[in-house]
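Hello, and welcome to this structure.

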Amino acid sequence: MKEYEKIILGIDPGTNILGYGLIGINKNDMELISTGVVRMQKLENHQLKLKKIFESISHIIDEYFPDEVAVEAPFFGKNVQSMLKLGRAQGVCIAVALANNVPFEEYTPRRIKQAITGKGSASKEQVASMLKNMLNFKEIPKHLDATDGLAVAICHHFSKGIGEHNKLNKSSWESFIKNNPKR
């Protein structure tokens, strides 16, 4: 595999289809390393799906050695059961990153779309089209969950690693005092 200053794994968690994308960074250049999906529709229960997510993300980390992981944060929906399942999928992705000592960050769907297209309400198709142009890949994958995972990684790169998790810490009084000791 080619050498990169940094490799970022982006994940769009899901319990039927999980999308992921890996980008390599050298200076300000981004390069597509890999993108794909993990399918779980045929697994009979939620526990097996969570196990599949754990094993799949572990395998991706073992194969590509990402320096950072970026995960799409669950959005607020009307169906509480769906939100719980999605939150568990996200939690498993984060746990795998933590177990492998890979720092992680979270980004909202709106922020990811804004970073890629300039519009927080962009469709999956618009995001995929912009990514195709940005990274010069030949065709858009069949499952847009793959490009969604890729979008998370690129949003993380554009955000310089400051997502929802880090943003909260950056604005605390403790952080302010630490960064401004003479004030």
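The numbered points below go from the whole chain to single residues.

1. A word on the model and its make-up. What you see is a predicted model. The chain has 183 residues, and 45% of them count as buried. Its secondary structure comes to seven helices and five strands. Reading from the N terminus, the elements follow the order β-β-β-α-β-α-β-α-α-α-α-α.

2. Contacts along the chain. Take the contacts between residues at least 6 apart in sequence: 60% of these join residues at least 24 apart.

3. Five strands make an open sheet, and their order across it is β3-β2-β1-β4-β5, with mixed pairing. The edges are held by β3 (29-39) and β5 (104-107); each has a single partner strand, so one side of each has no neighbour in the sheet. On average, neighbouring strands are turned by 20° against each other, direction ignored.

4. Two antiparallel pairs. Strands β1 (residues 6-12) and β2 (residues 17-26) are paired in the antiparallel sense through seven bridges. To find your place in this pair, look for Lys6, which stands opposite Ile25 in β2. On to the next pair: β2 and β3 also run antiparallel, joined by ten bridges. Here Gly21 has Thr35 in β3 as its bridge partner. As background, strands of a sheet pair through backbone hydrogen bonds, either parallel or antiparallel.

5. The hairpin turn. Which residue of the β2 and β3 hairpin takes a positive phi? It is Lys27, and the hairpin has two residues between the strands. Lys27 is not a glycine, yet its phi is about 55°. For context, most residues other than glycine have a negative phi. Lys27 sits in the loop between β2 and β3 and is exposed, with a relative accessible area of 66%.

6. Helix α4, inside and out. How far apart are the end C-alpha atoms of α4 (residues 124-135)? They are 16 Å apart, which agrees with the 16 Å that twelve residues should span at 1.5 Å a residue. The buried residues of α4 are Val127, Ala128, Leu131 and Leu135. These residues cover an arc of only 100° around the axis, so they lie on the same side of α4. Glu125 and Asn133, on the other side of α4, are exposed. The cover over the buried residues includes β3, α3 (109-117) and α5.

7. How α4 meets α5. Two packed helices are described by the angle between their axes and the distance between the axes. For α4 and α5, the axes come within 9 Å and cross at roughly 65°. The crossing is left-handed. On the α4 side, the residues involved include Val127, Ala128, Leu131 and Leu135, which are also the buried residues of α4. On the α5 side, the residues include Leu144, Leu150, Ala151, Ile154 and Phe158.

8. The residue after α4. Asn136 follows α4 and lies in the loop between α4 and α5. Asn136 is not a glycine either, but has a positive phi of about 55°. Is Asn136 buried or exposed? Asn136 is exposed, at a relative accessible area of 65%.

9. A residue to look up: Ile60. Ile60 belongs to helix α1 (residues 46-64). The relative accessibility of Ile60 is 5%, and since buried means under 20%, Ile60 counts as buried. Leaving aside residues up to four places away in sequence, Ile60 touches Leu9, Tyr20, Leu22, Phe65 and Pro66.

Notes
Residues are numbered from 1 along each chain as its sequence is written. This is a predicted model: local features need pLDDT of at least 70, side-chain atom pairs count only at pLDDT 80 or more; totals for chains, interfaces and linings use all residues. Side-chain values use heavy atoms; hydrogens and water are left out. Two strands pair if DSSP finds at least two bridges between them. Helices (H or I, at least four residues) and strands (E, at least two) are DSSP runs, numbered from the N terminus. Axes are lines fitted to C-alpha atoms, for helices over the stretch in contact, and angles run from 0 to 180 degrees between N-to-C directions. The expected span of a helix is 1.5 Å times one less than its number of residues. Buried means under 20% relative accessible area, exposed over 50%, partly exposed in between (1.4 Å probe, protein chains only). The arc is that of the directions from the helix axis to the C-beta atoms. Contact means heavy atoms within 4.5 Å. A crossing is left-handed if the near helix is turned anticlockwise from the far one by less than a right angle, and right-handed if clockwise.
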